[in-house]
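Subject: Structure handover

Hello,

Here is the structure we talked about. Please load it first, then read my notes below.

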Amino acid sequence: MTAQQEVTVALRKCCPHKERFAKGVPDSNGKLRYVQVKRAVSDRELLAHAYQGGMVGAVSSDGDGKTSVVGLDVDGHTTDQKPFEALQRICTAADVLEVPVVIHTSKSAKGFHVRTFFKTPVGRLLARGLYAAVLATAGVACDASVDKIWPPVEGYGVLALPYQSGHAKATGGTLAIDRYSWTPHPKSAQLDAVLDAPELSEQ
């Protein structure tokens, strides 16, 4: 694959809905805000996300209510949130439950997005149940440092895609980090964190 093809494949893996996505649109202050778009995201939009400061987010589940990825939004927006501590506990619990995880910094780089991929799409409730078990094992509550399990129970919640060029350059956000050193993967291995991620089967 070419470098651009690797980018689009990795981002599509994180964006399972084939008929909807969220796109960053400038508000009155020029800040990008997500707006849902009812069509498939194009390669051009994904490449703009990765190289030109565009912004794309995943919305949940195809029409059959299934998803090939489940995520956690581990936040650090307020002073009482401790995202790194929560992340460490989540990863330890995932190891205990043998759930492979891929970790990216959030857009602000103050929090983290955690993802697990499935070989074939599973029901969103089953996907959420997997991460609910991880959180219970970790002793981390969804109303503390974890903002949400994605996809939501219903509706089209947004989870930001990784590798957004503007945030990566400005804050170090949306970059893949190593599970053990807690530092960003080398640039040459960033996409491999998603492309080579272990995938769970439903059994």
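Which residues do ring pairs link into a cluster? They are Phe84, Phe112 and Trp182. Keep in mind that this is a predicted model.

**The aromatic cluster**

There are two aromatic pairs in the structure. Phe84 and Phe112 have ring centres 6.5 Å apart and planes at 45°, so this pair is tilted. The pair connects distant parts of the chain, with Phe84 in helix α3 (residues 83–96) and Phe112 in strand β6, 28 residues apart. Phe84 has a relative accessible area of 35%, so Phe84 is partly exposed. Phe112 is at 10% relative accessibility and therefore counts as buried, since the limit for buried is under 20%.

Phe84 also pairs with Trp182. This one is edge-to-face, with 5.4 Å from centre to centre and 90° between the planes. Again, distant parts of the chain are linked: Trp182 is in the loop between β9 and α6, 98 residues from Phe84. Trp182 counts as partly exposed, at 23% relative accessibility.

**The cores**

The largest nonpolar core has 25 residues. Leu11, Phe117, Leu161, Tyr163 and Val194 have the most contacts inside it. As background, nonpolar side chains tend to be buried together in soluble globular proteins.

Leaving out residues up to four places away in sequence, Leu161 touches Leu11, Cys14, Cys15, Tyr34, Leu46, His49, Val56, Gly57, Ala58, Arg115 and Thr174.

Thr174 sits in the loop between α5 (165–170) and β9 (176–177). Is Thr174 buried or exposed? Thr174 counts as buried, because its relative accessibility is 2%. Beyond four places in sequence, the contacts of Thr174 include His104, Thr105, Ser106 and Lys107. Leu161, Pro162, Tyr163 and Gln164 are also in contact with Thr174, as are His167 and Ala168.

**The α1 and α2 packing**

How do α1 and α2 pack? Their axes are 9 Å apart, at an angle of about 100°. The two helices are therefore roughly perpendicular to each other. From α1, the contact uses Ala3, Gln4, Val7, Thr8, Leu11 and Arg12. From α2, it uses Asp43, Leu46, Leu47, His49, Ala50 and Tyr51. By type, the residues of this contact are seven nonpolar, three polar and two charged.

Now each helix in turn. In α1, the buried residues are Val7, Thr8, Ala10, Leu11 and Lys13. They pack against α2, β4 (66–74), β6 (112–123), α6 and β10 (199–200). In α2, Glu45, Leu46, Leu47, Ala48, His49 and Ala50 are buried. Their cover includes α1, β1 (21–26), β3 and α5. Just after α2, Gly53 takes a positive phi of about 85°.

Best wishes

How values were computed: Residues numbered from 1 in each chain as written. Predicted model: local features only at pLDDT ≥ 70, side-chain atom pairs only at ≥ 80, totals over all residues. Heavy atoms only, no water. Core = buried A, V, L, I, M, F, W, Y, C linked by side-chain atoms within 4.5 Å. Buried < 20%, exposed > 50% of the residue type's maximum accessible area, 1.4 Å probe, protein only. Contact = heavy atoms within 4.5 Å. Axes fitted to C-alpha atoms, helices over the stretch in contact; angles between N-to-C directions. Helix = DSSP H or I, 4+ residues; strand = E, 2+ residues; numbered from the N terminus. Parallel < 35°, antiparallel > 145°, perpendicular 65-115°, else oblique. Nonpolar A, V, L, I, M, F, W, Y, C, P; charged D, E, K, R; others polar. Phe/Tyr/Trp six-rings, centres within 6.5 Å; stacked < 30°, edge-to-face > 60°.
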